[in-house]
Amino acid sequence: MTEATGIVGEFLSLKADSDADLLAMQCGDFYEFFDEDAEAVADELDLKVSQKSSHGSSYPMAGVPVDDLTPYVSALVERGYRVAVADQHETEDGHAREITRVVTPGTHIETSDDAAQYLAAVVEGTGGDAYGLAVADVTTGQFHVTQLDDENARTRVQTELYKFDPAEVLPGPLLRGDDDFLDRLRERTDAALTVHTKESFAPGRARHRVREHFGPETVESVGIADDEAALQAAGAVLSYVEETGVGTLASVTRLQAYGATDHVDLDATTQRNLELTETMQGNGEGSLFETVDHTATAAGARTLREWLQRPRRDLGELTRRQAGIGALAEAAMAREQLCETLSDAYDLERLASRAVSGSADARDLRAVAETLDLVGAVGELLDGDDRLADSPLTDALARIDREAVAALVIELDEALVEDPPGTVTQGGLFCRGYDDDLDEVIEGHESALEWLETLPEREKERTGITHLSVDRNKTDGYYIQVGKSEADDVPAEYDQVKTLKNSKRFTTDELQEKERAVFRLEEQRHDLEYDLFESLRDRVAQNAALLQDVGRVLAELDALASLAIHAVRNDWTRPELTDGRELAVEAGRHPVVEQTTEFVPNDLAMDGAASSPDQERASGYAGGDRQFLIVTGPNMSGKSTYMRQAALITLLAQVGSFVPARSATVGLVDGIYTRVGALDELAQGRSTFMVEMQELSNILHSATDESLVILDEVGRGTATYDGISIAWAATEYLHNEIRAKTLFATHYHELTTLADHLERVHNVHVAVAGEPPAARGTESHATDETDGEVTFLRTVRDGATDRSYGIHVADLAGVPEPVVDRSRTVLDRLREEKAIEARGSGSGEPVQAVFDLQSGSFAGKRDDTAAGSEGTAGTASADGGTADDAVSEEASGGEGASGIDPAAEDVLAELGDVDVNETPPVELIAKVQAWQEMLEE
């Protein structure tokens, strides 16, 4: 195929210079896509493809009308494409085209999604000792920046990215080649990864850009003057937004720096396990956010979602939110009126960005005026109720410059008609009296139009022609149309311009003169209105910070009202927040589960005495600190729900919300970490057990003595003794070294003995009424009252339990009755340490197996009658011999003098040298695996 020229060649040349995935090029009244872009757009958006010939070659072509481009671009961007837009403009030689903007997932301002839309840049500092993160939402003007420089900085910056869930990420120069980091980012977010120029991340250039945009003193005042990685990330974001040409940079007015101690750490695993914004199945329904969201506005919902994903550690701020929720909960009528008022509010933060970018139309500015006008009504509502007037809600409203708001509302009301048209080029935007020059043009234009509207009646009366009308089109302009039957009777001054099937069209000198006057006045009116509108829009853009202030205050009030509504409807209580280590909950409930079932409340008591050995000695502490709960009980009894509700109550308390309980005292935590279940990630080469161990490793590396840790089964994905060993060691490490508040659910009942040896460990269990039925043919352990029936009471009590009722759960799940009965028989034999007959061996001889509790393995045993004489047969060894044979082998030197296999002796020797309290859990796990391999060999 020869090289394309003409319009296709121009398209391909612009596309090559754009570094975009797709290009939309304006060609008159359409935006066209050519070649591969046309085929891609047609596949994505179901557009019709035609062919464009260019110098003997044919190219696919697809297009959309100029006025319809935005929704098509939005659809493409939401699918992850970067779309360049080339606009056409007139020149002395005709017209030219140039790329005016590149719309990307992180810079798209026309989004229909109410959720925040973040663009992020992440930078690894030199030496890998620090990570900088900058996150901007160009649709609202939000801009956050932080630097993480501790030993867990790499993991924590990934956690921060997961919290913000950006639409697009710009990896810094060192990270764009880091496959492990990028793979983790792809797994945990749906962000598009974009390579931005290395120069934009250069420390000096980035620092200069940040200072230039936010002001020379801002970097020092927000405390990031020495955070080079954070400044690199911030500078790269500003550079990228500017280079894409979306025009929203001016709406980014505040640099908000936050530190490691501002928010509660919630890693990706914890957010998923607690189902904060979506369930494990990826659905919004059934999540915590969906449960507590009663907001009236999109901005309020966005704020509430952010609060849940980024709980606070600032006791003062949390107390302020609590007080606002409390006041709204008490003032029912005022709360309803507030919500009704807020329901009329538009998204001011996004309207501010649209104004700054130049994409706001007259209806957007009308929405700005109507929303700003609500500030006065909200103020009256708050002042009109003493409970609200005396609450921090009025402090929030005080952050708004209400005089500036009132002045802008007056200007917009005086300028714009109540229901302006949808485009800014068709006129009819402004009220009479707003501009004298415009009024004069409008008066002349309307006078000319009136002359044209009355012309048919005047001409009918003057000529006597009955079938006469006046109309206008793009081809003929204004014309007089006369039916064919009377066309020969028209006056001599009528000049024929067109003949149709049933009529003829005419014009006159006077009509042409009026036509020229109308066209001239229309052009003047449109130009003048557009200039006035641009000027008005610029003044709104200059007030972007004011709009953002008002928008954020209204969103905050909406979010607080939502939490108050939920608290009232569900009988939630205001928790007492402390700087201590307490977590005391009376009659606590799971905030989501209680919506769908008759929930059984439970108490939780985790007190907070001394938090280190030194504090224990200094305070004379003699035991009783209850900070580590081992939770046992049957499957399906509610252990996981109990622990999750503890985590969610803590999280809600640190959002500032009321909580589902009769009463609660919550000591603030620095992080919430959970390990709840696991799924194979085979595509990433990780089995269920590997995923479980990686989650455990992250907790043991990240948690502190101020954290809350939730462990729902550890070590279940491997051999029994391996699992117990890992769970045991992890318990000791969490108790002795990390000292975090911990709830650990397990079916390894051996762990309950740790409560006798570790001071802060206590046992609780989920109570059961009744006993499961025994196997048929064996003695039943059921009481007469329950007749073998088991009832899960869902009630948590102190102390341990020694059974899990797994077979009963299997029965409830519909496992075939023969399997259930056989399971009960085997379980009874195991408990009594009796031999188990292995049915169906195929040998024709009954074979028995005894489970050796010390070795954790089975040993076969032939039926007495088949072995020879009754009572003389030994236990079968691994090679088919008897135990007596094994003794003989030992005597001949097959094993050590102690009777223990040499490999086992080596393992025992190494085990004796290990200090469990001093060995990191990950290293201990590796040792256990190595020992297992030695024994298997």
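I started with Glu370 and Arg366, whose side chains meet in a salt bridge at 3.9 Å, N to O. A reminder to myself: this is a predicted model. The cut-off for such a pair is 4 Å, so the 3.9 Å contact counts. Both residues belong to helix α15, residues 362-372, and sit four residues apart, about one turn of the helix. I then looked up accessibility for the two partners. Glu370 is partly exposed, with 35% relative accessibility, whereas Arg366 is buried at 10%.

**Entry 2, a pair between two elements.** Next I checked Glu522 and Arg472, and found their side chains joined by a salt bridge of 3.0 Å, N to O. Glu522 is in helix α21 (residues 509-542) and Arg472 is in strand β14 (residues 468-473), so this pair ties together parts that are 50 residues apart in sequence. Is Glu522 buried or exposed? It has 15% relative accessibility, and because buried means under 20%, Glu522 counts as buried. Arg472, at 33%, is partly exposed.

I moved on to Glu594 and Arg589, where the salt bridge is 2.5 Å, N to O. Here I noted that both Glu594 and Arg589 are buried. I also found a network: Glu317, Arg320, Arg321, Arg399 and Glu556 are linked by salt bridges that share partners.

I looked for disulfides and the structure holds zero. Cys339 has a relative accessible area of 14% and is buried. Cys431 comes out at 24% relative accessibility, so I list Cys431 as partly exposed.

My last stop was α26, which runs over residues 720-738 and has 19 residues. From its first C-alpha to its last, α26 reaches 26 Å, close to the 27 Å expected at 1.5 Å a residue. I went through its buried residues, and they include Asp722, Glu732 and His735, along with Ile724, Ile726, Leu734 and Ile738. Gly723, Ala727, Ala729, Ala730 and Thr731 are buried in α26 too. What comes just after the helix? There I found Arg739, which takes a positive phi of about 65 degrees.

Note on methods: Residues numbered from 1 in each chain as written. Predicted model: local features only at pLDDT ≥ 70, side-chain atom pairs only at ≥ 80, totals over all residues. Heavy atoms only, no water. Expected span 1.5 Å × (residues − 1). Buried < 20%, exposed > 50% of the residue type's maximum accessible area, 1.4 Å probe, protein only. Disulfide = S-S within 2.5 Å.
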